[in-house]
Every structure is written in structure tokens, then in C-alpha cells.
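Biologist: Please show me the structure, and let us then discuss what the terms used for it rest on.

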Amino acid sequence: MTENSHSFPKIEKYRGFVFVFSIFFAVAFSFAFPIGGAEAFLKSSAYWFAWVPCVLFIFYLLSEARSSGLRNLTGLKQWRLWTFLAVAFACLLLVHAEFGYKIAMDDYVLVATSQNFHYTREFFVPTSGFWKGGGADFVFHDGYIDKRPWLYPFIVSIVHDLTAFRVENAYLVNLLSVGVLMLAAFYFVKRVATARGAILTCLLIVSIPLIAQNATGAGIDMLNVTLLMVTMLIAAKYLELPSAKTEGLLIVSAILLMYSRYESAIYAIPTALIVALGWWRAKRVFLSIPAILSAPMLVGLILQNRIFRSSEALWELHSGTAQAFGFANIAENLPRALYFFFSMDGTLANAPWISALGVLSLLFFLLYLYRELRSVGKLPAATQALSIFSFFIVLNFIILLAYHDGKLDRLFASRLSLPFYLLLALAPGFAFRESFSRPITFRIVTGVTVLFLIGWTLPMNSKQVFTQRNFIKKDLDWLIGEVGTKVRRDDLVIDQYSTAWSIHKKTALKPLVAIQSLDWIDKRLSAGRLSNVYLVERLEYVIVDGKPQLQTSTYPEGIFDRSLLFERSFRPFSLVRVYRLDEIYPERLPDDWVENRIGGNVQNYTYTGL
Amino acid sequence: MPDIKPAALLLSSVIIALVLPLFLLSPAQIQWVLQYCTYWVILALLVFFILGLVRLSYDPNVRDDWLECFRPLQLLFIVGMSWLMISLQPTGYKVVMDEPVLIVTAQQMHQEKQFLVPYSCYELGGVFYTFDGYVDKRPGFYVFLVSLLHDLTGYRTSQGFVLNHLLVVIFIALLAVVGRKLWPALGFFVAPLLVLTVPLFSISANGSGFDFLNVLMVLATVYLGAIYYNSPSEERMNLCILSAALLAHTRYESAMYAVPIGLLVILGWLRTRRILVSYTTSLIPLAFSPLLMLQLMIRSTPEHWQIRGESGEPFSLTYLGENLEAAANFFYQFGPNQPNSFYVSALFVILLITCLLRWPSLRNRLADFKPPEGWPAYLLLGFGATGLLGLLMFYHWGQLDDSAASRLAMPFILMQILTITYLSSLVFQVRLSGLIFVACAVFYFMGVSRPVCASTSFLSTYPSVRQAIWTREKVIEHRDEPALFVLQQRLIPVGERKSGLEIRTAIERKAQLALHLELQTFSEVYLFFTQDRTDTGTGDYTRFELGSHFEYEVIESQRLDRIREVFMAKLIRVKLDDDTNPYESLKVFDGIDKPAEWSALHLSTLP
């Protein structure tokens, strides 16, 4: 060892000073800001908190591409073959695709946020809006700051800016994300395994029905897993040849990753470790502009987290749960996670073959790392990057299991397994990279994967049981698609899911708000400023003495006369009814009725059956 | 001597293929094997077949045969002929209920990889559930291909039609290649032209039945058999046997082609003076085992034979007279009543008789006479097709002039066309006479086949086909609503992934239907039923099928023929007897209040 190899990396003093100052500033600003003012600040500044890292990412990506040459960056020597494969894989993913909202209400909320970003640049989920100026413009007037990080709605809003507002733009972003995911996974695995291993990895990713579900929805998870993959790829590139540009790209990519999902903040740690490792290898602390700005860029996220923690309602604690996280939850969630990963019952968006192959590969990968422990620095950069990130992906998975709602076998939670599924799909390429140079091993694994794809994934994607069972989405599709066509600009809809109506520019109020405002509605209806008021009610059947009986209405008796217009059932023993209010009697509302229901819904539509 | 290992493996697989279905498996186990293994057996056969074709394509002679198809004129001819064949007839159901059964089997293969026709099918909350079912008597290759199309391009009930249209192009190209081998001068054009004069081929190509695939596989087996005999090798033998195995999985009786192919394989061995046995060959008997199981299942289930009337036997000498008369009526009728080609039938007889009578002089005249390459393949499979047609004459459903049965004549007509093509090469030695022959075929097509095809769909005697087409249209119109369709042909809505219930079941389980009508599980319950005029001459309609079990409101109707009409109605009320409790099935919910369990139990209460 030379003396030089033990020396501390060199650092430019002024950069170090600015870096420390920016951290101090960011921490002080984030925690000293009063929570009341934080909401207003975030509402108007969130857009720009996403804008800055996005611009920096594009700048550094182009810069990196120019300096290393696009051809070297991606290795596009056989581009015809790769393009063909990319198209073939995309076809397999999309052949049974049904673009639409997949998770209610998450997807609706995200689209609404993107809509508001597009109109006002404000971070705000509209719950209600109205037609201003006699029906010229639709204006949102009520809403809240969402708990979800906002990179995805921000990017969707950019597409709205470029092509005008359309709900379909949300699907387009996820569709493009999955393309980037496949490319990034291909080039990441190709760095250690042969092109065969890389193709197999893409095939394994395509074989996960959860990917197809999320690639055609409007959720944040596809972008999140894509950014995780991109960050790992950049990390590998950085570890291979550390430089200020690559460091900047890696940091800004990690920041975008953190802005894409709540728990992705955890990936700040592996990114920091890799950045430091790069400094150590290069014998230089780069501290590029993104590194210096990293802490201030995260202020928005910290403020949102403070708002999130201050409101219990946003945690959606239900069924008597007292704490959001707890080790006790692992005992319940782990068996359900195992069931999710290995179940063959055909109702979950899982891939048992990928689970089995991935877990086996992870074990081999661990053994391989153990064997190479002494010469870990000589391992391929991608292997090093995966080793560091995989630890945190597993940690993320454990945190998920400790979460009160981390029941992966539930339709609404299974998408949270995507980062772990990505790890399972990447692992074979790393664990068996030497074996894949022998055609027979590659052929067997690929053959089984193709059989799995034909025998499991494609039929699962075709049936989409895991998507179709989303009954709330079904009833909203029907309400907005069929009943919504009859709702005019001077009509009002009273529905628990007012955000969904607002996205489609229908004036809607939540039931509690509407009942609080009965007098106001009555006056407008009498004055002719409202033509019709529609009330959506969801009712359950109960079995009494062996006979089905529809529950009585949850609205106070006698406060309005109503006529039933439509009714339909979307899940067993339940009905969605749409009424038109003929007369409203605000005076009949009991004085304490609203007070007793504040903080809860007029109706509870939380269906625990899935 | 063959290699001992594959030979031992061959012997073992023959024993397993026979012993398993005949002695070891119970009928229930046979049903299980067929249900779960058919898909994978056919997939394995197809993969080996395609790999074999890829290897065969490296052979320069074979490659040259096919490169011929890609020359501009030839390519234009193939595309044109395919387009003409597809456009001669309207696309739609041709044989009811065979085609809906195939559509639903393909759906089940696609969704569950099971070879099964489900009994109960419901669409609830957007999810399509299928329960129980029976293994159909029809072999699975066609439905497998349709399911593969579903897998790779998305689920659509029209995939059966799409597949047959795709097969048309392959068939025409292959026929042109085989035609060229039989008559190097003009065979490439003559054989497809002759096929075009037979409307039966166009009818099959525009339906969603398996007959077009069957005739294509017969032709492919002839072609591959000829290639094998011409230059026997293990790889070519494998391909020939795999083709025969896939053919056997296409139609019931096509397993009989295993006999001529077996003989051809032995002739190839004699030619090379070596017994060729490969590992692939040695495993093939296992692929025939499901067919044996299917046969055993058909034999054990008399309903599968669909015996008409009271007569007992599916095969009998007593059917011969009627069937021969029907065959003559089919082959030699001139006009729009039969989807035949009088030209092909007549030419076949004339050329055959001419050549037989003038054989010595013909042979002397043709100094360089030599039979076509691989002639035993043509001869043996020709005898096979003729033998099957002969067997059909003893079958209770063997009246070829009946449009449901005439499609069974397609392999024989194909052999007629191949024979005509070869004999024409002997008779029309002068190029001009050959061209006149081609002109006659074109003239017949333009003068007879085309106008006949334009004026009739040959389905006038089958109101059930029109009923099925109308019903499907109505189901598609209401596809976006979660409705229940109650009808005799319940597989039509099931094919569209909608809830379908047979009228008989609806009547048997009236209580459950009443319950779900009350719960509004389905957006609407639509009833489809037919009515006939009574023969009392009063003009009144007599309602059958529904009885007096339901109160309904008719919303649409369609006249099927002079006396029959099909109605679509909305169910308003189920008329229950006083002692029937519609809530009986809710007893399963006693003591249960968790919605999750309700969801599962809800299915058990369905009619």
C-alpha cells in the first residue's frame, strides 16, 4: 500500500463550507418553520421543489451523455436487436393492458394533484370545484395538502403543460417509466452478466403481473421503482469511474427517488455511502452543485413529513390500529407477504417463479459476497452498487412489514412490494452470471421463464382479478361514465369521492360538507342557480332472520325529499344509489348531528374484504 | 440396427401410452389428465415442430421451394388468392354449437391453461369466474392456437376467425409449393385456383371451427412426408411424425392418419436400409396418449356421439345407402345448393379414368416419366383421406349434403385437387393446353363459384346459426353492463366473458335467480327464447323453453325463418311456488358477518 492510498480525500474548502452551511440552513428551516405556515409554504413552493432536481437531472444526464458519448453510456451497439426486444417486451406487458385507475383513491388523488399543478402550480388536492362566471371556467375551491410525495403528479403536470390536461397523461408517464425501467435494468445487469443475463432480467420483470398493473395505472409506484433502478445504474457508473458530474447525477437521481414515494427517503443512506466510496476511490471530495444543494432540495419533503406526522387522519389508521408502525405488525404481515409472493391462487398480482428464483439467487448472491468479502473492492461496480442498495431494499421491505397496512396480499398494498420484486428480478443476473455464459443453464432458466410467462403471467394479466376487484373504482367508473354525462355545469353532486368528480369538472361536495351547507344549497336550488342536486349513497345489505335487508340511510331522516334515479351493485350485498333531491329542509337537521360526525365520514366505504 | 437407448425409450413410451389410459387410470383420472395436461402436451409438440421447421429451412432445396413464394408475381398471387378466399363468404359462426364450444374452450385454455368447457360462468364486479366443467370431445390443437393468440394479442372472441384467416395464407402458400412439386410448369397456380372454386374452403376459413386447420395439417403432413421419403433422416422423420401428431390433435378422426404415416416411416427405413429412431420419435407415443384417453371418454359418454333420433349406433351399415346418396348429391350437384365444386369433382373423375385407360400409351409418350418426389406420401395420405371418407359413409352424421357434415369432405377434396394437379401435368404436356386448363378453372370460378358465394351463405337450412349470430350481436351490444344472459346457447355470452345461464338451469334454480334479482347482483337479467307458430293454423305463437316460470318484457326480436322467431326479453319477476323460499341459499351466512367471507360465499348462492 502506498502512503497515498490511505490519505483522506482532498476537499475544496469553500465547497465544504457551503455544503455544511446548506445542511445547517436546510435543517434549521425545516424544523423551525411553524407547522401552520408550512402548509401554505408547501402549497405554493412544492412545484419548484420538484422542478429544481428535475432540471438538474436533465442537465447532468445530458452532460454525462456528452462527455462519455451516448454509445458508451448505453452500449447501443446492437440497437436493432435491443429495440426489437424492447418492443416485444412492451407488447407482452401491454397486450392485455386496460389503462385506467388501479388504486382508489390514490390514483384519483394523484391525477387531481397533477391537474392542480397544471392549472395553478399549487400542491393541493382539490375536493371540490365549481364553474365560475356562468360556466366559463372550472375553479377548485376546496382541498388539502396530500401526504404523498409529488414527483409523479409533477411530471404528469409537465405532460399536461405540453399536451393539455388529459387523465390519460398519467398512464402515459407510467408507460414511459416502464420503458426506462427495462432499459436501465438491461444495462445494469449487462455490466456484470452477458447480454443473455440482461435479456433474462427483462423477461423476469415482464413476468411480474404487478408491473403490468402499475404500468397501465395512475399510481406513483412505477415511477418510484424506475427511479430506484436508474439510481442503481448511475451508482454503478459512478463507482466505476467517480467524477463530479456522475456524483451530481447520482445525487439528483436519488433526490428524485425520494420525491417519488414516502419510504424512499431511506435510499438517501446508500446514496451517501456510495458517494463517499467514490470520493475515497478518487481521493477527492467532489461536492458538485447537486451535492451542495441536496439538503435544501429536500426541505419540501421534510416539511411535508412534518405535516403528515401532525395529522393522524392522513395515516388512515383503521380497524382500531393505534400505531402506524410496530414490530408486532411483522408477525401478522410476514406470513401474508410469504403468501403473496408464493401463492398460486390466481387472484394476486404475484409471480411465484420470480419469487422462488429470486430468493434462491439472493442466497447465492449473499454467499458470493461472503466469498469475495476480502476483495470486495475488486468486484464489478454494478455488483457493489447492488450489494449496498439491496441491503436497503430489504430494510425498506422490513419497514413495510412493520407498517400497519403492509398486508401485501391486499389489493391496495401489494404494489408496495415492487422494489423488492425488482431486487428478486435482478438477483439471478448477478448470482448466476457465470452460469449464464453456458448456453444450457441460460436455456433452462429462460425456458422455464417463458413457460411461466405463457402459463401464468399472460393469463393473469388477461383476467386482471387483482385489478377488477377494486369495487370503488368500478362504482366511480360507472358513476362518472354513465351518470356523470347527465350532470350539467349548474348541477351539484354530493358524494364521498368528490375529488373524482372534480377531476372531471363536475361540482361535487363531500356529504359532511354538503350537510353543513344545506341552507346554502337550498337557497341556490330555490333561486335556480342550481338546477339539480344529485346524492350518491352506498348501502349494504344485512341478513336479518335469513332475509337480506338494505341498511337504512345514514343521512338524518326528513332533511330532504329525494327520487331514486339509478342503482347498481358492484360488490356482493351492496348497492350504489343515485337520487335527485326534490326538496331540502335544512331546519329539520338535528343541531348536534354534524358535530357528532366531524372527523369521520358520513358513510364508511372502507371495504376490508380484499 | 437402431440405437438401443432411444429404441428402449420408444418401447417404454408405447407401453406407458397404452397402459395408462387402458388399464391404470379411472375415468375421473382420465378427465383430470386431459383437463390439466392437454395444453402442455400440445405446447411441447408445437415447440418441437417449430424447431424442426427452423432446422429444415437450412436445407437449400426446401429453402428454394419457399423462396419461390417470395418472387413478386408469386407473392401477389398468394396474397390475392388468400384475400379472395377470405372475401368469398361472410365471417361468422358456421357450425353451432361446435364453434361456441371451441371459443369457450380456448378461453379456458387461455385463462387457466385447462382443456375444459366450464359449466357455470359469471361476471361479477368485472371479474369473470368459471366453475366446474367438462372435457370436450373435440381435440385441442385448434383451441390451443386460439388461446395462444389470446395470450399474445389479447382476449377477443373473434380470434378464432383471425386464426383461420391467418391459416388461409399459410395454406395457399403451402398448396402452391406442393402444386409446383406435382406440376412444375403450372402447379403453383393451378392448385390454389382449384381450391378457390370450392366454396366449402371459404366457409371454413371464415368460421371459427377447426376444419381449416385440419386440412392445412393434412397438407403439411403430406408435404413433410414427401420430404422425408425423398431423403430419409431422423430430423425429417421427427418432423413428419410431429406433424401427424398435431394433425391427430386437430380433429377426432384425424388420428387415423397415424396409420399411413407409420407406413411411410417404415418405407423410409426400407429406403435407407436403416431403422431411424430418435429421442423425439421415442417420446411421440406419449403425445398420442391423450387422444386415446379422449376416445375412451367419448365412448364412455354416449351423449358425445349426439345420436340423432332413437337409433342406437354411431357407425352402422344401415347408414351407407343414405350417406352415399348424400355424398353424390354433394359432389355432383351443380348450382347454389351445395358449397361444392362440380368442376373439381368432374375433372377428378374424368382425369382419373382417362389416365387409367390410357396409362400404357401415356407412359410410352412420356419418355422421361418419373413420379413426383416423395410419391408414397401423396399416395398413402390420399388413401388415408379416402378411407376416412369411406368410414364417414357408415357414420350416422355422414350426410355430406348437410352443411354441418360437408366440411368433413375437405381432406378428400384436397386430395382430389392434388390428384388433378398431378394428372394434369401428364395430360397437358403442351403449355397451351395447360393454359387453357387454367383458363377453364378461372372461368368456372368467375362464372359459377363467385356468384354462388355472393348469393348464398349456404346456411339457409340452419336457423340456429342465424340465432347464434343475432344473440352474439345482442350480447356484444350489452357488453358494458354486468348483466346475466339466460338462454339455450349459454356459451355465446360466456365467450364474451359475460354471465351465461342455460334456461334449463334457470328454471331448476329459480329461487336463486329470484334472490339475485332482488339483490341486483346483475344490472339486468336478459332472457333469449324462440317461439314457433303452432301447426294448428291459428297463427298463434306457442311459447316453449321458458314455460310459465318468468314474468318478462320483450325488448327485441328477430325472425329466423318462416315459422321461428327469437326474442330478447328483460326479466321482471321470477314466479315462485308458494312453498319455495328464495332465501334458502342464504343459510350459509348464518353466524357470519365478515364481508370477506361474504364475498366468497356470495358465489355459492348464484343460480
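Modeller: H10(B) passes H11(B) in a left-handed crossing. This is a predicted model, in which local features need pLDDT of at least 70, side-chain atom pairs count only at pLDDT 80 or more, and totals for chains, interfaces and linings use all residues. Residues are numbered from 1 along each chain as its sequence is written, and chains are lettered from A and ligands numbered from 1 in the order in which they are written.

Biologist: What makes a crossing left-handed?

Modeller: The near helix is turned anticlockwise from the far one by less than a right angle; clockwise would be right-handed. H10(B) passes H11(B) in the left-handed way.

Biologist: Why is H10(B) called roughly antiparallel to H11(B)?

Modeller: Helix H10 (residues 211–230) and helix H11 (residues 234–248) of chain B pack at about 165 degrees, with axes 9 Å apart. Angles over 145 degrees count as roughly antiparallel, and therefore H10(B) is roughly antiparallel to H11(B).

Biologist: What kinds of residues form the contact of H10(B) with H11(B)?

Modeller: They divide into 12 nonpolar, three polar and one charged, where Ala, Val, Leu, Ile, Met, Phe, Trp, Tyr, Cys and Pro count as nonpolar, Asp, Glu, Lys and Arg as charged, and the others, Gly among them, as polar.

Biologist: How do you know that the radius of gyration of chain B agrees with a compact globule?

Modeller: The rule, over C-alpha atoms, is 2.2 Å times the number of residues to the power 0.38. For 607 residues a compact globule would have a radius near 25 Å, and chain B has 27 Å, which agrees. The C-alpha atoms of chain B fill a box of roughly 90 × 65 × 50 Å along the principal axes.

Conventions: Axes are lines fitted to C-alpha atoms, for helices over the stretch in contact, and angles run from 0 to 180 degrees between N-to-C directions. Helices (H or I, at least four residues) and strands (E, at least two) are DSSP runs, numbered from the N terminus. Angles under 35 degrees count as roughly parallel, over 145 as roughly antiparallel, 65 to 115 as roughly perpendicular and the rest as oblique.
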